Amino acid sequence: MAAEPPSSLSYRTTGSTCLHPLSELLGIPLDQVPFTNWTPSVCLVNFVACQLFALFAAFWFRIYLSPGKTSPDVRHAFATIFGIYFVIFCFGWYSVHLFVLVLMCYGIMVTASVSSIHRPLMIVTQKITTLAFQVHDGLGRRAEDLSAEQHRLAVKVKPSFLQYLSYLLNFMSVIAGPCNNFKDYVAFIEGRHTHMKLLEVNWKQRGFQSLPEPSPTGAVIRKLYMTLVSLLLFLTLTKTFPVTCLVDDWFVHKANFLTRLCYLYIVMQASKPKYYFAWTLADAVNNAAGFGFSGVDKNGNFCWDLLSNLNIWKIETATSFKMYLENWNIQTATWLKRVCYERVPWYPTVLTFVLSALWHGVYPGYYFTFLTGTLVTVAARTMRNNYRHYFLSSKALKVAYDVVTWAVTQLAVSYTVAPFVMLAVEPTISLYKSMYFYLHIISLLIILFLPVKPHAHIQRQPQTLNSINKKKKD
């Protein structure tokens, strides 16, 4: 008789198992792999424990290792050592892949991405490629060939090894991100971060008589409140509406099409809180350390959203596919824009979606989502260009247009991202067959039969300093 598999989850994780009893007590599944029996809840508990510890460490870092009390090298070293410890605690021997990648890339600054197994490897891939292009812009290209943003972010001196390690492995962002710019990070470590951002927005014109010292405490409290709400929703909604419902017999064979449409939307809504939780907590950790200040808004309030990865209100009220994507995983979208969309000479939308899929990993569901997303993006842009102007003549028409486009956007996003959550081929095909591939068919018909306005690459490319100077002369 075959031996029964052990009940303990300890053998299913490469990270620390010291919190295993807590994971069993809470019974929290790790739902990244919903169609297998692998549910290493200890990994999720390790992740949360590390992020909470990072939050307290961030406050301590800001107060007791402030730039006025210690040197940048000490701050770099502390941030790096804690970051390495967190990675080993969460992922154990798997973290060797991360450290090998980091060491290999120093000196050559490779821009080749790798398929990621764990979130830290995904974040490090973003940071390495970001830094590689910014070093290339600073050392390998003429200033007049750069856009204004590329010129601002260009790194003109090769980073030291300690700066490089700290940027990639600091404890604030190594586990859950977000990706950030090297110059912003170094300015934060050296104590120039908030002053630099205030100078960018011309703080004197904002009514300040002297250079203020913005505190992140209020922003951290607000984000922790949102984190708690998201965690509660995750623990309740995800169990009530699991993604596995989308492949059960009732959904596939018995429910009518309208019911399937609504139920798919509900299940996808229930899958969002885990992202809201992880990204908002990561944002709060960076803010608690004093990193993430973005300037002053039109009302004179300090803003701490430089590293924010999502805008929940704009996501839930999005009236276009573009608006939804612009406010979801913001820092990853910015990374894709800077390393791919603005640099490739042909098919920027398609190639950006392909890069995004490769970066996320090898699960087939990712490729279903991004290929569908490419199709939907083109179709949505075509519809908007052809019909939106007819609804701008009156307020009532505009409101009606916004309501309809909100509903269409939410349903389209639910349909598009379902494979991303389901991961495997078989459940994805089963779901799309039960939905009659309706969005694929509609999108193809729109693209084939509606006129598509040309979207020239030159319109997409950011203005270079050369072109800006020419306009000024004219």
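Contact here means heavy atoms within 4.5 Å. The views below come from a predicted model, in which local features need pLDDT of at least 70 and side-chain atom pairs count only at pLDDT 80 or more, while totals for chains, interfaces and linings use all residues. Residues are numbered from 1 along each chain as its sequence is written, and side-chain values use heavy atoms, with hydrogens and water left out.

View 1. Leaving aside residues up to four places away in sequence, F171 touches A54, A57, A58, F61, F78, A79, F82, G83 and F86. A nonpolar core is a set of buried Ala, Val, Leu, Ile, Met, Phe, Trp, Tyr and Cys residues joined through side-chain atoms within 4.5 Å. Buried means under 20% relative accessible area, exposed over 50%, and partly exposed in between (1.4 Å probe, protein chains only). The largest core has 54 residues, and L169 and F171 touch the most other members. At least two residues of this core come from each of α2 (41-64), α3 (72-91), α4 (95-105), α5 (119-139), α7, α8, α10 (217-240) and α13. The top contributor is α2, with nine residues. Helices (H or I, at least four residues) and strands (E, at least two) are DSSP runs, numbered from the N terminus. Look elsewhere and you will find another core, apart from this one, with 30 residues, including L310, Y324, A412 and Y432.

View 2. Y167 belongs to helix α7 (residues 161-169) and F182 to helix α8 (residues 182-190), so the pair links distant parts of the chain, 15 residues apart. Y167 is buried, at 0% relative accessible area, and F182 is buried too, at 5%.

View 3. Y275 is partly exposed, with 21% relative accessible area, whereas W279 is buried, with 8%.

**View 4. Charges over aromatic rings.** A charge sits over a ring if NZ of Lys or CZ of Arg is within 6 Å of the ring centre and within 35 degrees of the ring normal. The charged end of K127 is 5.3 Å from the ring centre of Y167 and sits over that ring. R75 lies over the face of F188, 5.1 Å from the ring centre.

**View 5. L371 in helix α18.** L371 is part of helix α18 (residues 364-387). Is L371 buried or exposed? At 57% relative accessibility, L371 is exposed.
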